[in-house]
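Here are some notes for a colleague who is opening this model for the first time. Please keep the sequence and the structure side by side while reading the numbered points.

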Amino acid sequence: MAYTVKLPSGRFRGVAKGGREVLGTKTFTRKGDAMSWAHRLETAADGGLDVKGGQAKVKDLMNEWIEIRRDTVVEGTFAVDLIVQAKMTPTINARSIASITPSDLEKWYVHLRKKHDLGDGSLKRYRESLSSFFKWTVDDNRRGDNPVRRSKLPAVVDPPNEMQPFSRGELKTVFDRCSRFSEHNAKIIYILGWTGLRWGEARALRVRDVILDGMPYMRVTRSQTETRKLKSTKGKNSRTVPIVDEVLPYVREFLEGKGLDDLVFTGPKGGKLWRQSFLISTHYEEVGMGRTLHDLRHSAACIWLTEGVDLSTVKAWLGHASVATTNLYLHHLGTSADQAALLKLNS
């Protein structure tokens, strides 16, 4: 028989029992929440669903879920959870958790794409977060299935491998705009745009990999994307990337007071970089001119070529296995012969 115990802290511990056996305990701020949880656990033990628990509103449950996630998932994942909560429509928020269907969620995906102009990658991340929420409600015995698993995302619209590099002037403009929100992270954006580092490579770069004596450069040997193990760079080839004077002072700032094995690029508070938190802190999706973080790598390559760096050198700095890959940037910019011909036509 379910019951609650008031603790010295003023909180309430719900206790669920099956006969004489204690099935579980959990602590809540409110007595009613503790008792409801205990009833649901007992119902689940009997093989049934808690019908009353399924009548709870999505908004209320999401608030409870967010508080749990705050201390149980990494910063980047939690940032996505907060976005999903903020973008949930009033209609869904007001519905009972048990009434939500895959069709309801598919309409929400379409709403996100149309209203917020979201790409396929963002939609997938939001869907994964929502799936975690509904899994939690299933585990809490409020509904019997996870509707996200049976829902489908809208048809893919992001063009594959589309290159949208910043010009030198545009990169400076985005840096200035992002600096209004997070100067620390804006400097990382600017450095990526001048060095061509991939996001995972930037996250894994150590102080010992940056050499400032003589010609300043970065030795890129490893990479680590969110939730993945540390690995070698793409293609498993290490490379050397020079540090231009335009960003050298910022690189020096990131090295100050750190040990050789410390990470060069961290968040403003010293923790690891997390893509979603990074994008939110800089308002990048609003001020980034429609470019992705990977377009910063494309920007570096195009700036180098525009400034006269030869193709083979750019290939080495980017770490391309084949010059054919680097040639894609020439197709985007036009060769020196193309540029000379255009000057003649415009003269």
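1. A residue is called buried here when its relative accessible area is under 20%, exposed when that area is over 50%, and partly exposed in between. By that cut-off cysteine 178 is buried, because its relative accessible area is 0%. Please bear in mind from the start that this is a predicted model.

2. On the matter of cysteines, how many disulfides does the structure hold? The structure holds zero disulfides. Cysteine 178 takes part in none, and the nearest cysteine sulfur to its own, which belongs to cysteine 302, is 19 Å away. A disulfide requires two cysteine sulfur atoms within 2.5 Å, so cysteine 302, with the sulfur of cysteine 178 as its nearest at 19 Å, is likewise in no disulfide. Cysteine 302 also counts as buried, because its relative accessibility is 4%.

3. Turning to the overall form, the chain has 16 helices and eight strands. Its radius of gyration is 26 Å, well over the 20 Å that the globule rule gives for 347 residues, and the chain is therefore more spread out than a compact globule. Along the principal axes, the C-alpha trace spans about 85 × 45 × 35 Å.

4. When contacts between residues at least 6 apart in sequence are considered, 61% of them join residues at least 24 apart. The chain exposes about 18500 Å², and 52% of this area is supplied by carbon and sulfur atoms.

5. Serine 299 deserves a look of its own, and it is placed in helix 13, which covers residues 295-306. Is serine 299 buried or exposed? Serine 299 is buried, because its relative accessibility is 0%. A polar atom of its side chain lies 2.7 Å from the backbone nitrogen of phenylalanine 166. Leaving aside residues up to four places away in sequence, serine 299 touches Pro165, Phe166 and Gly193.

6. Aromatic rings are the next topic, with a count of 10 aromatic pairs. One of them joins phenylalanine 175 and tyrosine 250 in a tilted arrangement, with 5.6 Å from centre to centre and 40° between the planes. Because phenylalanine 175 lies in helix 7 and tyrosine 250 in helix 10 (residues 248-255), this pair ties together parts that are 75 residues apart in sequence. Phenylalanine 175 and tyrosine 250 are both buried. Elsewhere to inspect, Trp65, Phe133, Phe134 and Trp136 are linked into a cluster by ring pairs.

7. Asparagine 141 has a positive phi of about 65°, although it is not a glycine. Asparagine 141 sits in the loop between helix 6 (120-139) and helix 7 (168-179), and it counts as buried because its relative accessibility is 9%.

8. Which loop holds histidine 283? Histidine 283 is found in the loop between helix 11 (275-282) and helix 12 (284-287). Its phi is near 55°, again a positive value in a residue other than glycine. Histidine 283 is partly exposed, because its relative accessible area is 28%.

Note on methods
Residues are numbered from 1 along each chain as its sequence is written. This is a predicted model: local features need pLDDT of at least 70, side-chain atom pairs count only at pLDDT 80 or more; totals for chains, interfaces and linings use all residues. Side-chain values use heavy atoms; hydrogens and water are left out. Helices (H or I, at least four residues) and strands (E, at least two) are DSSP runs, numbered from the N terminus. Buried means under 20% relative accessible area, exposed over 50%, partly exposed in between (1.4 Å probe, protein chains only). A polar contact is a pair of N or O atoms within 3.5 Å; within protein, one must be able to donate a hydrogen and the other to accept it, and residues adjacent in sequence count only if both atoms are side-chain atoms. Contact means heavy atoms within 4.5 Å. The radius of gyration is taken over C-alpha atoms; the globule rule is 2.2 Å times the number of residues to the power 0.38. Accessible areas come from the Shrake-Rupley method with a 1.4 Å probe; for residues, only the protein chains shown count as cover. Rings of Phe, Tyr and Trp (its six-membered ring) pair if their centres lie within 6.5 Å; planes under 30 degrees apart count as stacked, over 60 as edge-to-face and the rest as tilted.
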